[in-house]
Amino acid sequence: MRYIHITTNETIEEDEALDYAMKKCGLQFTDNYNSQEREEFKEMFIEWFFSGNYIEEDDEEDIPNLERDLEIADMIYQQNLDKKWGIA
């Protein structure tokens, strides 16, 4: 699995996702968490961080570029409408 930023097309692989997201947010782990807590945090944090301007893409799927381009275009269109109407 990988995450693709909708405006920059930057690709973050799943095994780099946690480090990338934590670095972007200025966070780091401490030794105060057990492995179960750390795993729960990892799942929730990655889901939250990549829920905005990223498209999730599975490695097994061969998603045509057209489908991804349409998703990106739709999000950009929606953002422009929000700006136009003063919602953003």
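Helices (H or I, at least four residues) and strands (E, at least two) are DSSP runs, numbered from the N terminus. Keep that in mind for the tour.

This is a predicted model: local features need pLDDT of at least 70, side-chain atom pairs count only at pLDDT 80 or more, and totals for chains, interfaces and linings use all residues. Residues are numbered from 1 along each chain as its sequence is written, and side-chain values use heavy atoms, with hydrogens and water left out.

**Stop 1: the salt bridges**

How many salt bridges does the structure hold? It holds 2. A salt bridge is a side-chain nitrogen of Lys or Arg within 4 Å of a carboxyl oxygen of Asp or Glu.

Look at R2 and E13. They form a salt bridge, and their closest N and O atoms are 4.0 Å apart. This pair links distant parts of the chain: R2 is in strand β1 (residues 2-5), and E13 is in strand β2 (residues 11-13), 11 residues apart.

Now turn to R2 and E57. Their side chains meet in a salt bridge at 3.0 Å, N to O. R2 lies in strand β1 and E57 in strand β3 (residues 54-57), so this pair ties together parts that are 55 residues apart in sequence.

R2, E13 and E57 are linked in a network of salt bridges.

Is E57 buried or exposed? E57 is buried, because its relative accessible area is 9%. Here buried means under 20% relative accessible area, exposed means over 50%, and partly exposed is in between (1.4 Å probe, protein chains only). The areas themselves come from the Shrake-Rupley method with a 1.4 Å probe; for residues, only the protein chains shown count as cover. E13 has a relative accessible area of 30%, so E13 is partly exposed.

**Stop 2: the loop between β1 and β2**

Select N9. It sits in the loop between β1 and β2. N9 has a relative accessible area of 45%, so N9 counts as partly exposed.

**Stop 3: the negative patch**

Select E14, D15, E16, D19, E37, E39, E40, E43, E47 and E56. These residues form a negative surface patch. Patches are made of residues with over 30% relative accessible area and no salt bridge; like charges are joined within 9 Å, and nonpolar side chains (Val, Leu, Ile, Met, Phe, Trp, Tyr) within 5 Å. Lys and Arg count as positive and Asp and Glu as negative, while His and the chain ends are not counted. The place of a charge is taken as NZ of Lys, CZ of Arg, CG of Asp or CD of Glu.

Color the helices next. α1 (14-25) and α2 (35-49) each supply at least two residues of the patch. Which helix gives the most? That is α2, with 5 residues.

Zoom in on D19, one of the patch residues. D19 is in helix α1. Its relative accessibility is 58%, so D19 counts as exposed.

Draw a line from E13 to E39. Their C-alpha atoms are separated by 18 Å, and the two are 26 residues apart along the chain.

**Stop 4: the two loops**

Select F29. It is in the loop between α1 and α2. At 26% relative accessibility, F29 is partly exposed. F29 and Q79 are 50 residues apart in sequence and 34 Å apart in space, C-alpha to C-alpha.

Now select D58, in the loop between β3 and α3. D58 has a relative accessible area of 25%, so D58 is partly exposed. The C-alpha atoms of D58 and E14 are separated by 9.6 Å, although the residues are 44 apart along the chain.

**Stop 5: helix α3**

Select residues 65-84, which make up helix α3. Why does its span of 28 Å agree with expectation? At 1.5 Å a residue, its 20 residues should span 28 Å, and its end C-alpha atoms are 28 Å apart. The expected span is 1.5 Å times one less than the number of residues.

Pick M75 in helix α3. At 27% relative accessibility, M75 is partly exposed. M75 and N53 are 22 residues apart in sequence and 8.7 Å apart in space, C-alpha to C-alpha.

Finish at G86. Just after α3, G86 takes a positive phi of about 75°.
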